[in-house]
Structure formats: structure tokens, C-alpha cells
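I opened the notebook to look at how two chains meet. I started with the interface, then turned to a pocket.

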Amino acid sequence: MNGGPFGGLTPVPVLALGDILLVTLQGELHDGTAEQLQEDITHRIAQGNASGVVIDISGVEIIDSFLGRILAEIASTARLLAARTVVAGMRPAVAITLAELGLTLPGLHTALNTERAMDLLASPRSPVQKGT
Amino acid sequence: MMQVSPDTATTSLPIGSDADLAWVRQRVRQTAAELGFGLVQQTKLVTAASELARNTLVHGGGGHLEITPLTTGPNRGLRLTFLDTGPGIRDIEQAMTDGFTTGGGLGLGLSGAKRLVNEFDFDSRPGEGTTVTIAAWVSGLPSPRAGAG
């Protein structure tokens with residue numbers, strides 16, 4: 001849980017593993033927390049040596065158009081700052097819902113889990129880089 | 001639509017902050033799970049509720065949600081009514097169009113929410129407010145996908 005319904009806004013930790021930033025989203029995410037995360041990641045990329053961002057969403061039960069937009073914006077901002085973003089571990093029910101919602105998020109790169117996301121970013125000829 | 005007698009237990013939740021949005025999602029999921037909705041249906045319903053509750057908050061200036069379990073014969077369902085007393089929506093057809101937005105989102109709120117549920121009803125009067133009602137049935141017929149290309 002990231003802040004309860006009555007809790008304050010606890011920021012989402014951004015971990016650095018080598019030159020990859022790893023973010024794990026869990027449970028309920030308040031709009032304000034998501035916007036804060038977007039800023040935190042952007043600053044971390046701009047300041048540090050991060051060349052990639054992995055966002056693990058395996059603990060996220062729903063993605064609505066707001067959170068979808070935040071994820072897409074994190075990826076586009078990272079790209080402008082020369083870093084690549086992979087969203088990992090989307091639950092099947094979330095994928096079905098996003099497709100039906102019409103929110104297919106082109107341009108957002110995905111992997112089935114965090115390990116594959118790391119591999120994708122480590123690969124020199126990564127399709128992520130080509131924007132496919 | 002929805003000519004069924006609702007169960008007596010209607011729950012009302014305020015929508016006035018993004019913490020309320022989180023609470024709305026939790027309560028809708030909990031109620032849907034108790035009624036026997038499967039995981040994918042729960043996820044669609046909670047997602048639709050999140051879109052509509054955010055509309056209520058952002059465009060309607062806040063309001064409230066009524067959660068009503070429904071029963072017709074063996075069928076169980078859930079009705080969600082989002083009410084606000086905000087400025088209302090002038091052009092409903094335009095508001096229902098994919099991609100139309102005044103709020104900085106992706107413009108999928110109304111049209112997207114409609115695709116995720118079985119029933120959708122919309123009433124808005126300029127200057128008076130907006131009421132959006134959705135309903136979904138446990139393992140019901142597939143959503144009509146109105147508005148889907």
C-alpha cells in the first residue's frame with residue numbers, strides 16, 4: 001500500500017541498480033504520488049548516470065487513463081533525457097482492461113517481468129532503442 | 001434501463017480529493033468481489049469507477065458516489081452513480097468522443113468507462129451538474145462495446 005485511504009502521501013522509492021533506476025509500484029497510488037514519482041524519476045535521470053528506468057507494476061491492480069498518462073509521460077521524458085523506460089509485470093486483467101479502455105500506450109515498452117526488463121535494457125541492440 | 005429493484009444497501013461515498021478516489025476504488029473492488037465478480041470484471045469496474053470519479057472531482061468540482069448492489073432473480077450486479085453539482089457538460093456527444101478532453105487527460109474517461117461496463121447512463125445540465133450511472137452484472141452478457149470501433 002502506498003499511503004492508505006487516510007494516510008499521507010508516501011513517496012515511491014526510486015532505487016539505483018548500476019545505471020538502471022528501478023521503481024516498484026504497489027497497491028493504491030494516489031494521483032499526487034504518481035505525479036511526484038514522475039518528477040523524482042526525471043530529476044534522478046538528469047542528475048545521475050541512469051541510462052534506463054524499469055517500472056515494476058506487478059503489484060498494481062488497476063491502471064486508469066491518469067496513471068496510464070503518467071507512465072507514458074515518464075517514458076517520453078526519460079527518452080528526451082537519453083534514458084530508456086520499460087514497464088514490467090503488468091497483470092493480465094489490467095492489460096485486458098487497458099485494451100478495452102482504448103489505452104494501448106504506444107511508445108511504452110513492456111516486459112513480462114523485471115528480470116526481462118533488465119535484460120532488454122542491457123541489450124545493446126535493444127528494440128527499445130529503436131522505438132519499435 | 002435497469003428496471004430492477006435495488007437492494008436496500010446503498011452506500012454513499014464523498015468524492016472531494018485524490019485520497020477519496022483511492023478510497024472509491026477500494027470500496028468498489030471490495031463490493032464487486034463480495035458480489036462474486038471475477039477478477040477481470042472487477043478490474044474493469046474499478047477502472048471505470050476511477051475514470052468517472054476523477055471526472056466528478058476534476059470537472060464537477062467534487063460530488064459523491066452511490067454504490068448499490070442489484071439483484072434480479074439469480075443475477076447479481078452493481079450500480080454506481082456519480083453525482084456532482086458542477087458546471088455540467090454542454091456537448092454530451094463531444095464529451096463521449098474518444099480523445100476529447102478538457103482536463104489534460106487522454107480524453108478516454110467517459111467513452112472508455114462506457115466500454116468497460118454493461119450499462120451506461122448520462123445526464124448533464126449546464127449549470128446544474130452531471131449524473132453518470134453505470135451498471136455491471138456478474139458474468140453477464142458481454143459488454144455491448146458501444147462506441148468501440
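Buried area, as I use the term, is the accessible area (1.4 Å probe) that two parts lose on being put together, summed over both. I am working from a predicted model.

**Entry 1: the interface.** I looked up the buried area first. Chain B and chain A bury about 2,300 Å² between them. Carbon and sulfur atoms carry 57% of that area. I then looked up the contacts. On chain B, 27 residues touch 23 residues of chain A.

**Entry 2: polar pairs.** How many residue pairs are in polar contact across the interface of chain B and chain A? I find 12, with both residues at pLDDT 80 or more. I then asked which parts of chain B supply the side that touches chain A. Helix 1, helix 2 and helix 4 (109-116) of chain B each give at least two residues to that side. Helix 2 of chain B has the largest share, 9 residues. By class, this side of chain B holds 11 nonpolar, 8 polar and 8 charged residues.

**Entry 3: salt bridges.** Side chains of opposite charge can pair when their charged atoms come close. I counted 8 salt bridges over all chains. Between chain B and chain A the count is 6. I noted two pairs by name. R54(B) bridges to D31(A), with the closest N and O atoms 2.6 Å apart. R25(B) bridges to E28(A), with the closest N and O atoms 2.9 Å apart. Why does the pair of R25(B) and E28(A) join two chains? R25(B) lies in helix 1 of chain B and E28(A) in the loop between strand 2 and helix 1 of chain A, so the pair links the two chains.

**Entry 4: the second largest pocket.** I looked up its volume, which is about 290 Å³. The lining has 22 residues, and the closest to the pocket centre are G27(A), E28(A), L29(A), I62(A) and R25(B).

From chain A, strand 2 (20-26), helix 1 (31-47) and helix 2 (65-80) each supply at least two lining residues. From chain B, helix 1 (18-35) and helix 2 (39-58) do likewise. Helix 1 of chain B gives the largest share, 3 residues. I sorted the lining by class: 9 nonpolar, 5 polar and 8 charged residues.

How values were computed:
Residues numbered from 1 in each chain as written. Chains lettered and ligands numbered in written order. Predicted model: local features only at pLDDT ≥ 70, side-chain atom pairs only at ≥ 80, totals over all residues. Heavy atoms only, no water. 1 Å grid on protein atoms, 1.4 Å probe; cavity = no way out; pocket = protein on both sides within 12 Å on 5 of 7 lines; lining within 4 Å. Points joined across faces, edges and corners; volume = space filled by probe spheres on them. Helix = DSSP H or I, 4+ residues; strand = E, 2+ residues; numbered from the N terminus. Nonpolar A, V, L, I, M, F, W, Y, C, P; charged D, E, K, R; others polar. Contact = heavy atoms within 4.5 Å. Salt bridge = Lys/Arg side-chain N within 4 Å of Asp/Glu carboxyl O. Polar contact = N/O pair within 3.5 Å; in protein donor to acceptor, adjacent residues only side chain to side chain.
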